[in-house]
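Thank you all for coming.

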Amino acid sequence: MSLRLVGIAGSFNRPSKTYALVEHIAGLAAANYGFSSKIYDLKDVGPSLGTALWRSELDEQASQVLDDIVKADVLVVGSPTYKGSYPGLFKHLIDLIEPSELRSKPIIISATGGGDRHALIVEHQLRPLFGFFMAHTLPTAVYASDRDFVDYKVVSEALSGRIGSVVDELAAFSFLPSAKATLQAAE
């Protein structure tokens, strides 16, 4: 059985640069490590997210997305930047996860925004959020601005380089098939 990667884009917009970024990162990771992958956005979670105070109040669709997130071997999380932070419903989705469910899980954090002034969202918002869960956010965070995309496709060489770096960092996790081969070759 292949390992599972789940991407979650904290956006309702379609098309979305955040979704495109998460999909790009997940695609490269899946190709490099043989993951099966599934990408979601907040539209996939559905309307029950906004009315649920507790996880048990989510409808079947939202429950399935949340279950896929917590059962994933690796997560790619992306958030659009609104007024210097992530959207409230994205945070609410994460709030419905028990801290133990993300403990030690490798997470690639990424964000998009209109310009460079939002770039610190990954370090000042997303990294502490997943640190609370004692998840392993990878050292390289990925931020992309509008100029990094054309027609919702990553076109920036610098951004592609950062994405390649963070995907390479997954090799440190010994449960990955190619990571085991890399570690054995180094011995």
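This is a predicted model: local features need pLDDT of at least 70, side-chain atom pairs count only at pLDDT 80 or more; totals for chains, interfaces and linings use all residues.

Let me begin with R147, which forms a salt bridge with D116, the closest N and O atoms being 2.9 Å apart. R147 sits in the loop between strand 6 (142–145) and strand 7 (149–150), while D116 belongs to the loop between strand 4 (106–113) and helix 6 (121–132), so this pair ties together parts of the chain that are 31 residues apart in sequence.

The structure holds 9 salt bridges, and I will take up some others. R55 pairs with D67, with 3.6 Å between the closest N and O atoms; here R55 lies in the loop between helix 3 (48–51) and helix 4 (60–71), and D67 lies in helix 4 itself, so that the pair links distant parts of the chain, 12 residues apart. Both ends are partly exposed, R55 having a relative accessible area of 23% and D67 one of 27%.

How many residues apart are R127 and E123 in helix 6? They are 4 residues apart, which means that about one helical turn separates them, and their side chains meet in a salt bridge at 2.7 Å, N to O. R127 counts as buried at 18% relative accessibility, since the cut-off is under 20%, while E123, at 33%, counts as partly exposed. There is also a network of salt bridges, in which R14, D41 and D44 are linked.

Let me turn, finally, to the helix packing. The axes of helix 1 (residues 17–33) and helix 7 (residues 157–169) come within 10 Å and cross at roughly 45°, and the two helices are therefore oblique to each other. The crossing of helix 1 past helix 7 is right-handed. On the helix 1 side, the residues in contact are L21, H24, I25, L28, A29, N32 and Y33, and they meet L159, I163, G164, V167 and D168 in helix 7. Sorted by class, this contact comprises 8 nonpolar, 3 polar and 1 charged residues.

Conventions
Residues are numbered from 1 along each chain as its sequence is written. Side-chain values use heavy atoms; hydrogens and water are left out. Axes are lines fitted to C-alpha atoms, for helices over the stretch in contact, and angles run from 0 to 180 degrees between N-to-C directions. Angles under 35 degrees count as roughly parallel, over 145 as roughly antiparallel, 65 to 115 as roughly perpendicular and the rest as oblique. A crossing is left-handed if the near helix is turned anticlockwise from the far one by less than a right angle, and right-handed if clockwise. Contact means heavy atoms within 4.5 Å. Ala, Val, Leu, Ile, Met, Phe, Trp, Tyr, Cys and Pro count as nonpolar, Asp, Glu, Lys and Arg as charged, and the others, Gly among them, as polar. A salt bridge is a side-chain nitrogen of Lys or Arg within 4 Å of a carboxyl oxygen of Asp or Glu. Buried means under 20% relative accessible area, exposed over 50%, partly exposed in between (1.4 Å probe, protein chains only).
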